[in-house]
Amino acid sequence: MAAGDGKCRGQHEVKCGGGSGSGSGGSSGGARLQRSLLALPTLLLLLFLNSFLLMLLPRVDAHDPQPEDWLLVSDESGVDGELDSYSTKEPKCDRKIVSSENGVTKGEIEAPELVNPEKHGRHCTFTFVAGPGERVRIQFHRFSLRGTPPDGSTIGVTPACSHEYLDMYTEIKDPKNVDLLNTPFGGRYCGPIGPRLRISLYSTIIISFYTDLVNTTSDLFLASYEFINGSKYIVGDPVPDTLCEFVIHSDFKKNGQFMTPTYPGIYPKNISCYYKFIGRKGQRIRLEFRDFDLFYGGSHCPFDQAKMFDGPDHISSPLIGTYCGQQRNLVIFSTGSTLLLTFTTIDRTADSQNRGFMGIFNFSESYVKLDFIGKDDSEHIRGTECDQRILSKKESNGTVYSPNYPFPYLPNVVCRYFIYGLQDAQNLERVKLQFFDRFDIPAELKDGKNSWSKLSSCSDGYLRIYLKGQETENAYDQPDDEFCGKTLPKTVVSSGPRLVMVFSSGKYQGGRFKAVYKFETEYMIPGTASPDGKCIFTYYSSSRKTGAFNSPRHPSNYPSNTICQYTFQSNPEEQVRLIFDQFTVHSEKDNVTYGTHCQEDWVEIYNVYKPQGDNMERLRLNGRYCGFSAPGPTESEQDAVGLRVMLRTDEENVKSGFLAEYKFIKKQKTVFKDCGCNISNAEYGIIHSPHWPQKYDGPDRSGGAFSCNWFIHVRPYHKILLWFQFFSVEGNPAERGCPAAVVRVWPDLDKVPIELCGEKLTNEAAVFISKSSLMRVSFLTADRAVGSKGFEGIWTEIQDNFLPSGPKCEQFLCSENNFCISKNLRCNGVPNCGVGDNSDEKNCVKDTEVNVLMLVGVGLGISSVLLIVMCIWCHRKRVRRREDGSLPHHVHVCERGARFASVDSGDRSLSPVLGARKAHHLSRTSLRTETVV
């Protein structure tokens, strides 16, 4: 035997050769026999010493861990110097630990120490068998097996856990008849992460360790085991022939503990358990889960799940809820005296690492009676002690009461009231809560006296109000209001469709309270709302000069079948201006966005008048709008008391609606304001935008937005023809309307005006004919207008009663458009006949016009030229005479006021040249000027 093999418990097998053979064979056989005989005394001595030591040492229990049990070395020996070898049986490394009455109930195990140079596959099995009424508990404290866990294997790498791993079996029914192949598999582990805590489902756990590596040390894993009492898993009366089905009767057990079959260890797969709680009449059951950890497969819990039913079975009893994942503060109450809890897991391949659940149960008659919850409007929330849910029935109302009403409520009670209005694509409501009759929630015992006072903080009992949906985020520590004492609380209104009340009675005996709730449609519109909850809002100049208003729930869709009214009431010295920033109102015809053609949903704008001494309002329609065409800037008339906007929707196909601004402005002394005028006693005229032909200004100008009005009056029995020769106003009627600037034309002052904007008008859209001898044109811009080229329009007085088949036109008849205009307008340089008709400007002969100033100028110019010519002529003539020396006697030069004196000739015998020079000299020295008498 090799050195160090003295602790091996394997036995050697001796193989002998044949008894006869050749001499060399016999000699070899004899040598072997001789060596065996020599080793025989040694073996006998070892056996004797072993027996002697066993007699001296105390008996070791089967469950007492001994390192010698697994300090094993593979033993293979052969004959020295020979090729043949005789391998021995590999020693066993299995270990079985059995619980006994007087034995040790817990201990530790380590990995076996093995030497395996040939890399044979070695299996070591650890079997733990608990006694009657016991379970086995295994907890790993150190785990570092060589290998890659299943979730870490990659392509090209040796398959996961292939050379060294540990298998778990925790669901072994019969330890005397173990069949691991048909036993539910508890998982295979390798790498650095070991199994979690395990509790046996029955009385046995088997751990199988495999390795084919050369060396194995005890550092690979360390685990502790313990035999624990299994009575806590027997929750109630077991149902015969079932694994974990129990019935708990309050007559035998009013309170206690319940848990999954292997809690806190990993729960088994593919099991089904139920716990049926049955109380006496008048009792209710309370389940409080102290720990809840199930596999989470989604919000609907399709895999492992716990279900609770408000009754004795899962068929006819209402379902309270289905739960999985991790739950905190899960407390369930029954409505009546029975409750069923089921626990189901599926058979899946994936490993499970969840603990299950553990909780406590209690049967009691002192839980809140549910009589105070209204039967018609309110509904008890199953699974809670006294929570109730109140859902709107479309602007319905009702009453809520304190627990045990009309009697005083009991201490240590917490009830929640969930009051929810409608909220969907068509509806949005808010909740109004008003307390009445009596309110009595003790605040705090003051100075030990039997008197209660309301403090700033309710330290004991309280009623908290949540108006903003805090319960959706479990933010119960952020109430909007908290009430206690005896003062009747104020009326509260939710800011959305949810209002939640949380009532905690505290430790003192209290009184009662009662409140009425009302569901009102929530329009989410700023302004002073109508007290009856209708979609009516008023905006007073005395309250606020500027602000915003919108369609219900904007930017969400407005509700169907709705009529909303917005009234803007100005002071006597003010007007109101409206600007629409966003606008989308349903219309079946996309190309119809303005006027009476809007038939589905629409917005209308009215001027509101209130005659003096008359309380009745009078409305005048300013325009109807739908589609994407936003109304242009709108300003109330000077004699109006304000504006009114109406939104009407039908029963289907809603849109996002509108967002607009209002502004109360100071009333101007004249209606014409920035531009415009009152035109009369004329046969034609031209109107244009401010600063024409330059652009009208945007918001940078100091005056703000423009407001212009033209009132055109012509002679009776005549009409007004208006056409825009040029038009460019920012906006697009088809796509977004005229929100920044608009031109309005009233062909009929009793009808709705026509709104214009855009880059260019068609010939048909550019021509307007008044119904009477009056026409109005206005131009308004918003503060956010950026400016554009503007417009130029030509208006002309035309004969009213002229028709092609009627009376003869005694003035001028336009050849193309057949308008009868004044003959004075012919050849005036202005196309008064309208679009495409220039007949009034054809064949024109222009008379010469006499201009007095021009004649005077021409005369002065001619006189100046003649004077200059005469002067030059005289000067040249005088020079020639002097040069010729023959200046005559008494010649008058420049008769205009002076003459030259006569000069006699001197010596005529001089040469011509000399004589000329002398004469010139004499003329320069001897001439004198005489005044003409």
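A contact here means that heavy atoms lie within 4.5 Å. The model on your screen is predicted, so to speak of a local feature needs pLDDT of at least 70, side-chain atom pairs count only at pLDDT 80 or more, and totals for chains, interfaces and linings use all residues. Residues are numbered from 1 along each chain as its sequence is written, and side-chain values use heavy atoms, with hydrogens and water left out.

Select L222, which sits in strand β13 (residues 221–229), a strand being a DSSP run of E with at least two residues, numbered from the N terminus. L222 is buried, at a relative accessible area of 12%, because buried means under 20% (1.4 Å probe, protein chains only). Leaving aside residues up to four places away in sequence, L222 touches E108, I109, E110, Q139, F140, H141 and R142. Show H141 next: its C-alpha atom is 5.6 Å from that of L222, although 81 residues separate them along the chain.

Now colour the chain by pLDDT, the predictor's confidence in each residue, from 0 to 100. The mean is 81, and 79% of the residues reach 70 or more. Go to residues 886–933, where pLDDT is below 50 and the model has 41 contacts beyond near neighbours in sequence.

Finally, select D377, I390, L391, K393, S396, N397, Y517 and F519, which line the second largest cavity. A cavity is a set of points on a 1 Å grid over the protein atoms alone where a 1.4 Å probe fits but cannot get out, and lining residues have an atom within 4 Å of a point. Strands β25 (388–391) and β33 (513–521) each give two or more residues to this lining.

Conventions
Helix = DSSP H or I, 4+ residues; strand = E, 2+ residues; numbered from the N terminus. Buried < 20%, exposed > 50% of the residue type's maximum accessible area, 1.4 Å probe, protein only. 1 Å grid on protein atoms, 1.4 Å probe; cavity = no way out; pocket = protein on both sides within 12 Å on 5 of 7 lines; lining within 4 Å.
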